[in-house]
Amino acid sequence: MNLQTTDLLLLADGETAPGEAKIPPRKPKWYDTFNYIANPDRFCRENFNKYGPIFKTGVFGGTTVFVGSATANKMTFNGDNKYTEIALPATTMEMFGEYSLFQRPELHSQRKAALAPGLTGATLTGYIPHINNIIYQGIKTWSSQKIQLYPAVDKISFDILTPLLLGISLNDSDSTTFKGLPVSSKAELKALYETYFDGFYGLLKWESPLTAYGRGIKARKKLIEFMGAVIKRRLGESGNINPTQDFLSMMLASQQENPDGIFSDTLIKNQCLLQLWGSHYEISGFVCSLIYQVGKYPQIFQRLRQEQEQILGENNNINQFSPEHLKQMIFLEATIKETLRTLPPSPTATRRLTKSVVVDGILYEKGWTLIAEPRIAHIMPEHFEQPEKFEPERFLPERNEGQMYKFIPFGGGVHACLGAQMAMIVSKVFASHLLQMFDWKITGQPKFVQFPIKRIRDDYQIEIRGSNF
Ligand code: HEM
């Protein structure tokens, strides 16, 4: 049998792999988890240079195979219900709760299809005026000063996403905003989210105020209670629910139309909680990386500025800024993708093999964990020409790099990110407004928080100057 094929060979329990199948190189080491968490980029790069794109580690205990080649990524992304199961730490699974898309694989595709209309297509396009307005209002206060990049972006991203996902306005000065809700201010809500987020990666599954996990679970309960009250208030309002107004409205309208369908009250509360959790930190971190990369390469900055001039003309104003304009910003889109390639915010799929499989002549044994890592896939010369260079042009049609399973910042296959289009729109609008309003300069090399989501540290500053554009 020729095993050098991308076809997947599934082994039945007790069946042995063909003799010529190889197991991935490298022995798992007890300190791999520490090295990976301390600096995932370095961990992936060093091992890739030494062993190639597929290697064994001891990350998170047991045997965890890191993969980066397109065929191995494809195998990792598409095994649900056939030969893989989700393999996240116990603390993370508890934080997700049973209504995330990572639980109940048998319900996954039905749930994902039901959620998609609130985050994609015409509904997403309808969110653009709000995204535009919040970004414009948020960054206009940035002029002529040094700003701490992450806190400034994070604040705006929370203001963009909370109304779109939780369906509440965030106006603290309006006394009706938090009326009847168990949280009394935006600051309190944001703090609860932070505590919840920290709980995801607590090492000890011990429910106590002394552990990040314990505090996270407590914050989770409060946030669910909060969402319950938001929903009750919304249902008590007069008039029909407009399903395209926000993610919450989409789910409530669907529930009203089909009370026995997928949208139970508990699912709705949990989905609001989870979508804001995932999107807020991923988007804040990513937008900062984008602003940093554009500031680092003056020629790219100039080309982006020219593109803005061509598309928006000199007489730009926020009302002119439409979905059609966004579509035309192809060099900006390529720059966003190149930032996602060079500074991917997170790893992707973490899956456990429930059966042994052979792909490309490599044996992956039942019980091993798989992690598909953009930090490997994105530095492979087989996937990207001269991968060490920052070149947005690689994503333009002439070069057309970034093919499926080779470019994986949003994962791929069955669990591909449901918010990828939203992330692209928010980052595009953000960069576009910045390019229209300011020049900016970076202030040296930033330090990054490396795990669980890569992001520039809070104290990193950029210098902002008004632009005459
Ligand atoms: C730069 C921003 C983002 C990045 C880098 C990112 C990355 C990812 C990745 C890598 C996965 C796959 C995880 C896996 O296979 O285990 C994923 C899944 C997911 N993401 Fe995102 N994400 C981003 C923004 C968002 C936003 C804005 C939303 C929603 C508002 C969102 C919602 C989801 C959901 C629901 C899934 C699970 C899909 C499923 O299980 O089928 N993400 N994301």
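With 469 residues, this protein chain would have a radius of gyration near 23 Å if it were a compact globule, and its value of 23 Å agrees with that. Welcome to the structure: please keep in mind that it is a predicted model.

**Overall form**

- Taken along the principal axes, the C-alpha atoms of the protein chain fill a box of roughly 70 × 55 × 45 Å.
- Of the 469 residues in the chain, 42% count as buried.
- How many of the contacts between residues at least 6 apart in sequence join residues at least 24 apart? In the protein chain the share is 71%.

**The open sheet of β5, β13 and β10**

- This open sheet has 3 strands in the order β5-β13-β10, and their pairing is antiparallel.
- Its edge strands are β5 (145-148) and β10 (438-442), each of which pairs on one side only.
- On average, neighbouring strands of this sheet are turned by 35° against each other, direction ignored.
- β10 pairs with strand β13 (residues 461-466) over 5 bridges, in the antiparallel sense. To find this pairing in the model, look for Asp-439, whose bridge partner in β13 is Arg-465.
- Helix α12 (residues 265-296) packs on the sheet and touches β10 and β13. The direction of α12 makes about 85° with that of β10.
- Helix α8 (residues 149-166) lies across β5 and β13, and runs at about 70° to β5.

**Strand β3 and its partners**

- Strand β2 (residues 54-57) and β3 run antiparallel and are joined by 4 bridges. Within this pairing, Phe-55 has Phe-66 of β3 as its bridge partner.
- The hairpin of β2 and β3 has 6 residues between the strands, and here Phe-60 takes a positive phi near 65°.
- β3 also pairs with strand β9 (residues 369-372), this time in the parallel sense and over 4 bridges. Thr-64 stands opposite Thr-369 in β9.
- In a regular strand, side chains alternate between the two faces of the sheet. Strand β3 (residues 64-67) has both faces covered, with Thr-64 and Phe-66 buried on one side and Val-65 and Val-67 buried on the other.

**The loop between α16 and α17**

- His-383 is found in the loop between α16 (374-377) and α17 (420-437).
- Is His-383 buried or exposed? His-383 has 23 other C-beta atoms within 10 Å, so it counts as buried.
- Leaving aside residues up to four places away in sequence, His-383 touches Ala-70, Ala-377 and Lys-406.
- His-383 and Lys-454 are 71 residues apart in sequence, and their C-alpha atoms are 22 Å apart in space.
- Gln-386 is also found in the loop between α16 and α17. Gln-386 is exposed, because 8 other C-beta atoms lie within 10 Å. Although Gln-386 is not a glycine, its phi is positive, at about 40°.

**Other backbone details to look up**

- Asp-360 has its place in the loop between β7 (356-359) and β8 (362-364). Its phi is near 55°, a positive value in a residue other than glycine.
- Asp-360 is partly exposed, as 18 other C-beta atoms lie within 10 Å.
- The peptide bond from Phe-451 to Pro-452 is cis, with omega near -5°. Pro-452 is found in the loop between β11 (448-449) and β12 (455-456).

Conventions:
Residues numbered from 1 in each chain as written. Predicted model: local features only at pLDDT ≥ 70, side-chain atom pairs only at ≥ 80, totals over all residues. Helix = DSSP H or I, 4+ residues; strand = E, 2+ residues; numbered from the N terminus. Buried ≥ 20, exposed ≤ 12 C-beta atoms within 10 Å, placed from the backbone. Contact = placed C-beta atoms within 7 Å. Rg over C-alpha atoms; globule rule 2.2 N^0.38 Å. Pairing = 2+ DSSP bridges. Axes fitted to C-alpha atoms, helices over the stretch in contact; angles between N-to-C directions.
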